[in-house]
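Here's a quick briefing to read with the model open. Have a look at it first, then come back for the details.

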Amino acid sequence: MNEKTELRIIGKPIPRHDAWEKAFGLTCYAADFSLPGMLYGKVLRSNYPSARILSVNTSRAERLKGVKAVLTAKDVPRNESVTRFGQTHVVGGGFEGLYRVLADRKVHFMGEAVALVAAEAEEIAEKALELIRVDYEPLPGIFDPIEAMKPDAPLVQEGRPNIITHYEVVKGDVKMGFSEADIIVENTYRVPFVDHAYLEPESGMAWIDEDGVITIRVSTQVIEHFRGIADVLNLPHNRVRVIGTYVGGGFGGKEDITVEAFLALLTYKTGRPVKLTYTREESILSHSKRHPYVMIYKTGAKKDGRLTALEAKLVSDAGAYVYLSPWVLLYSMVNAAGPYRIPHVKVDGYTVLTNNTFTSANRGFGAPQVCFAYESQMDELARRTGLEPEKIRMMNYLEKGEALATGQILERHVALQETTEKVIEALEERTLPSGQMRIGRGIASGMTSYGRMVFLHDTSRSHVSIEMDGSVTIRAGIQDIGGGQASSLCQITAEILGVPIEDIKIYIADTALTPFAGTTTATRQLYMSGNATLMAALEVRKVLVHKAAGMLGIDPESLDLVDREVIDKEGTGKSLPLKEVVRACASDGVPLYHVALFKAPFRNIAQFERIEGQVFPDFTFGTHGAEVAVDEETGRIQVLKLISSFDVGRAINRLSVEGQIEGGAIYGMGYSLTEEVILNQGITMTPSFSEYLLPTSMDVPDVETILIESGDGVGPFGAKGVGEPSVCSVAPAIANAVFNAIGVRIYDLPLTPEKIVKALKEKKDMG
Amino acid sequence: MEYIRPQNLKEILHLMKQWKKKATLIAGGTNVIPDLRARAIRPEVLIDISQLKGLSYIKEDKKKIHIGALTTVSELASSKIIQKWAPLLSEAANQLGNPLVRNRATIAGNLADGSPAADTAVPLLALEAIIVIQGGKEKQVPIHQFFVGPNQTVLKRDEMIKEVIVPKCNPNAKTAYFKLGLRNSMAVSVVSIAVLMEMEKTFCKKARIGCGAVAPKPIRAYRIEEMLENHELTERLLRACCETIGKEISPISDIRASKEYRTEMASVLLKRVMKRVTQ
Amino acid sequence: MKVSKTYPLKLNVNGEWKKAEVTPRETLLHVMRERLSHTEVKEGCGKGDCGACAVLLDGKPVNACLTLALQADGQRVVTLKGIGTPDKPHPLQESFIKKGAIQCGFCSAGMIVTAKGLLDKNPKPSREEIGKAISGNLCRCTGYKKIIEAIEEAALKLRRTKNDRR
């Protein structure tokens, strides 16, 4: 199949197969599944952010009728191991943190799991939690990462320093760079803890199958945690099976182990099926958050707008456990200088343990934080140089063939000139101000990688087979978290094998039955499993075409697969039904399946302290434009227009791509305006959706999406990933628009009314 | 826990008397059910009045509107009678919680919960509503005397709200309501203000102002009312009112806003409602 | 443990009368999911902050988590499955699928139910009215745009079929 062949299915706005089941309420999410004789699991959680556990007395809970298991750290075969996220290549370099199933001698953050209960009914399990007596001795905690870096700070985790990692990026000589600058802007930016707020709380169900295999059906982005779970139980890896459900939203929050280990332990101890679903409050309290950062930025430019130097210091709050903090920081390091040509760069980054809720992956993975800082800086440079915000950016955008500060060459198209132009165009006429409403507009650009860091040696597998009636089966261990991950693979396969999409059935996310496809994280599935599926489908196609060529006596080159037929492209009218070719192959004993392995580029990193060279397979570039109305008196911000323009390489499914970009824009808008997990001395002050404020349908503008299709991505058909990139530059675009409206700049997210009013007052006071 | 679904008022009163502290009355349930779930309350008996006939109505007579206790917030928002005679109330009802909650929440529940931010309380204060309380015997309490403190009202354990009486607005009266929240739906008020004024040209004959989320309970801004009533409304007077309101309120700081912000916003919102009514 | 007293409950779910023995504390959401196998009603927050559990109760969209099961005794409950089936899809379901209004799908049941409640009352809603009607239903994936478009399209289709029938 050559490049010029017209695509029949790729690029079309085709409804997803999973949308059908979801629209009729047929999809069985993790919490919708039950088994006869199942028990209900519950987790006892710490009420203190930092305390010594003096004793745990479970006897009263154990005696309660209907309670089948009460487990504490001493009952866990291997309570401490390392966090892994599906990677099979051992990286080292501090990339693996401590994974502790249940708190042992100490609790390190509020909400840390201390004990597990399984009982005949949910109410009994709840009652049992109340009967477990834990004696705590509260200890001083540390809640500010800057404080935690000090040498005399109390240690969050015994026997290890609070600073988890220090990275640096060095290019040129920033001192010289700043001496060449005519204008220097320097500011400190802060971004908050953020919850993923997927509508589906963490949930799963575990049982022991008839072969004695611990089977866990769970809402997860990473079925390959089965290895870690087996380690917890001290079982061989092939004795634990994880089945991933269609996920009710992930956004990085279901990348860590959530309920799996608890379920495995409870079912292992009781021999009974166990179901465990978090309440919303439990979810907000105990699962990972997006990293708050303190970012000190200094950027220098010539009078004409050319950038000369950028220096940044980043400190991220890892909370009480390492989890993905070093990874996220590494992303921030690579992104810290943005998609700009800057001769001299120095970035220092630290991620630090505190007694706050632990932080880990969240859509954007370290890119949105630094984007808020560097794009706020660019806006200030625009003002100081007198250039239009788009002009100064367009003057400094990197282009294909140029290198990031880390030295990674951008080998693919960089579409920022186009995305910026499109956004400016789409913003159109400025809305007129009225009353106390001031109107402002801002833009911001960003870059976000897709595909994992190359030193992880990422791989994905996909199995494509054709059945005797010509229907097609895909088996791929991907998790579908709502982004259309599964249906994209169906589209690719349908395109290659010339069958309508309804002829495809995909089986996903089962560690026992589907080939490993890696994690649904890092915006990697379309790239990785898309390519693997494309490879597998092409192999099956090759077999079919070869056979058909023989049957028809035509050169295989002139055959095409269309509408369940093998046809002669030359228009001779010769054709064969696909299933006839399948039958012929079968009787020849030719394999009618292929399992393909796709490998991302493998590179090793020389040293982790200094980040250099190629770290990512590729990046997605895009620009956001926002128009806001700011109420000068109340400080309330209403986003009137939100434009997203991205080079998606190639839109495999236009509906899904738009959906990701629209959703990403609003995800970013929430980050900008209302969302913050407020922790006071380690205690969550925003325990539910009454306090943690997501945008509602009455808060959002109609997001306008403008796609650029360069065809220059590393995914199938030249696609790039867009799930995470779609969030990246929203917050700075909105903050820049607010500045444009009222002349004050807010350096801390979210942009609450109160901060606006305060900043306006300060501006007034200064005259 | 026991569950009782009484058939009439008399039965409810009897049950409340019998169970006293051990009972919780439940109507729309939008406040009670989250409390049950969080085990913030652990009643021994739930007295469910949600299906009680005859307590869900909006009626008018010559001077007043009578709103049955079980009238839902949606019904308040869409009632033609209320839109005509007490538009403040329908405006506020329209912004309470969210549409799904409004279909369950009742006027009596919103008031009896006694939240300082209660959305219906604020316009009802400006409208000088009367709360009809049914206990051993029926009594009428002006709404400004109904609230006592955070989540506290004058309601005794064996009493319930039966009806809310709202004097019809003078057709010439001007009214305005503003609610400031952190988002456009599902927002708890940071500050809310309702105002009712009767004017003769620029002369203010009557002023009633209700405020929410700026004190331990929903309050009337009496001092401002006095400043306005029987006075010529001048720019200067209005400015003075906006400056004074800070002294009349006692907001707290919480995760939604600081007390300083609330104080300032009370002044901003007062300015806005005054502007609306004087235009 | 003290066993909670149970009470008989009769509900008309999607046109069919169902019976259960329930405790006073149990919400309509809990009974629908745990006792009547109507797991299409989703639990997102348990306290009325997200709308994932929306059902029509006597025709009005409400949060099933904010209604005790016994409070719904003798009433009609309509869930997503009662609105349409793959054999007989409702225009809302068709347009949600077609317009890409469904991503993770966890909010979809509540969204479609709420939209049904709106269209029953107001067959010709403006975009603003649609936005307001679903403002108690959170969606984390779509940013709402495609959901609002889908409801608009379904409303149009419903009006057309109604006119055709005349």
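A residue counts as buried when its relative accessible area is under 20%, as exposed when over 50%, and as partly exposed in between (1.4 Å probe, protein chains only). By that rule Phe455(A) is buried, because its relative accessible area is 3%.

Some ground rules: this is a predicted model, where local features need pLDDT of at least 70 and side-chain atom pairs count only at pLDDT 80 or more, while totals for chains, interfaces and linings use all residues. Residues are numbered from 1 along each chain as its sequence is written, chains are lettered from A and ligands numbered from 1 in the order in which they are written, and side-chain values use heavy atoms, leaving out hydrogens and water.

**Aromatics in chain A**

- Over all chains, the structure holds 28 aromatic pairs (ring centres of Phe, Tyr or Trp, the last by its six-membered ring, within 6.5 Å; planes under 30 degrees apart are stacked, over 60 edge-to-face, the rest tilted).
- Phe455(A) pairs edge-to-face with Phe608(A), at 5.3 Å centre to centre and 90° between the planes.
- The two sit 153 residues apart: Phe455(A) is in the loop between strand 18 (437-450) and strand 19 (459-466), Phe608(A) in the loop between strand 25 (593-599) and strand 26 (618-631) of chain A (strands are DSSP E runs of at least two residues, helices H or I runs of at least four, numbered from the N terminus).
- Phe608(A) is buried too, at 15% relative accessibility.

**A buried glutamate**

- Strand 26 of chain A also holds Glu627(A), which is buried at 0% relative accessibility.
- Its side chain makes a polar contact with that of Arg441(A) at 2.8 Å (a pair of N or O atoms within 3.5 Å; within protein, one must be able to donate a hydrogen and the other to accept it, and residues adjacent in sequence count only through two side-chain atoms).

**Where chain C meets chain B**

- 33 residues of chain C are in contact with 30 of chain B (heavy atoms within 4.5 Å).
- About 2,600 Å² is buried between them, with 54% from carbon and sulfur atoms (accessible area, 1.4 Å probe, lost on being put together, summed over both parts).
- Arg25(C), Leu66(C) and Gln71(C) supply 27% of the area chain C buries here, more than any other three residues.
- The interface has two salt bridges (a Lys or Arg side-chain nitrogen within 4 Å of an Asp or Glu carboxyl oxygen).
- Glu2(B) and Lys5(C) meet in a salt bridge at 3.6 Å, N to O.

Key. Buried area is the accessible area (1.4 Å probe) that two parts lose on being put together, summed over both.
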